[in-house]
Amino acid sequence: MSHRRLTPDEARAWARVARTVKPIGPKTDDIETFIDALEHGEPVLRHGKAKSVAPPPEKPATKAVKSPAPPQNRANEKRVRRGKLELAGRFDLHGHTQISAEAALPEFLARKQAEGARCVLVITGKGKGGEGVLRRNFLCWLEMPAARALVSGYSESHPRHGGSGAWYVFLRQA
C-alpha cells in the first residue's frame, strides 16, 4: 500500500468529515478513572467518569410457568405425533411482539375452530437459551378466558414440527 499525500480537495473533504465525528470511549485525561472503574466493576459513563448508582431494586417474584396440560384426548396427540392426524393450520409467532401475539392468537384459534379444526400448530420459537419471551408467555395466553373457551389441551410438538419451539393446540368442537 502506498502512502501518498492527500490532494487539497481530499484534505478539505476529510476535514469536514473529521469535524462531525464524536470520539467514543474515555478522554485521554480520564483513562485512569476509566480503568479503575472497569476493574472494580462499577458502571461507567460514556466519557469515562464512574457513575454512582444505588443497587437495583429487588424484582418481585415472577409467576411460575405451568407445565403443559395434557390434551383431553391423548389418542389424538399420539395420532398427530405419528403423522396420522393432519394439522388444520399453522400460526407462526415469529415477527410478533408480545402484544400483537397475545391479540392474534385467540383470533386465529377462533377462526380455526369455526372451520372445524381439531388440532393446529403454533410456532413460538425457542428464543435465546430456550427461554424466549413468546414461548414463555404462550402458556399464560392459553390460560386466558378468550383462549380457554377454545382450547381443550396442548402439548409440545414433535421434532419434525418444531420440537420445543412449537406447540400442538387441540381445539374444542364448536
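Tutor: Start at the end of helix 4. Glycine 116 follows this helix, and its phi is positive, near 90°. Bear in mind that this is a predicted model.

Now step back to the helix itself. Helix 4 covers residues 98-114, which is 17 residues. From its first C-alpha to its last it reaches 25 Å. That is close to the 24 Å expected at 1.5 Å a residue.

Next, look at the buried side. Buried here means under 20% relative accessible area. In helix 4, the buried residues are Ala101, Ala104, Leu105, Phe108, Leu109, Lys112 and Gln113. Note that the list holds Lys112 and Gln113 as well as Leu105 and Phe108.

What covers them? The cover includes four strands: strand 1 (90-92), strand 2 (119-123), strand 3 (151-156) and strand 4 (166-171). Helix 5 (133-142) and helix 6 (145-148) are also part of the cover.

A search of the whole structure finds three aromatic pairs. One of them joins phenylalanine 138 and tryptophan 167. This pair is stacked, with 5.7 Å centre to centre and 25° between the planes. Phenylalanine 138 sits in helix 5 and tryptophan 167 in strand 4, so the pair ties together parts 29 residues apart in sequence.

Tryptophan 167 has another partner, tyrosine 154. Their ring centres are 6.4 Å apart and their planes stand at 75°, so this pair is edge-to-face. Tyrosine 154 belongs to strand 3 and tryptophan 167 to strand 4, so this pair ties together parts 13 residues apart in sequence. Tyrosine 154 is buried as well, at a relative accessible area of 5%.

Phe138, Tyr154 and Trp167 are linked by ring pairs into a cluster. Tryptophan 167 takes part in both the stacked pair and the edge-to-face pair.

Leu6, Trp14, Val17 and Val21 make a nonpolar surface patch of about 430 Å². Valine 21 lies in the loop between helix 1 (8-20) and helix 2 (31-39).

Key:
Residues numbered from 1 in each chain as written. Predicted model: local features only at pLDDT ≥ 70, side-chain atom pairs only at ≥ 80, totals over all residues. Heavy atoms only, no water. Helix = DSSP H or I, 4+ residues; strand = E, 2+ residues; numbered from the N terminus. Expected span 1.5 Å × (residues − 1). Buried < 20%, exposed > 50% of the residue type's maximum accessible area, 1.4 Å probe, protein only. Contact = heavy atoms within 4.5 Å. Phe/Tyr/Trp six-rings, centres within 6.5 Å; stacked < 30°, edge-to-face > 60°. Patch = residues over 30% accessible without salt bridge, like charges linked within 9 Å, V, L, I, M, F, W, Y side chains within 5 Å. Areas by Shrake-Rupley, 256 points an atom, 1.4 Å probe, with all protein chains shown as cover. Salt bridge = Lys/Arg side-chain N within 4 Å of Asp/Glu carboxyl O.
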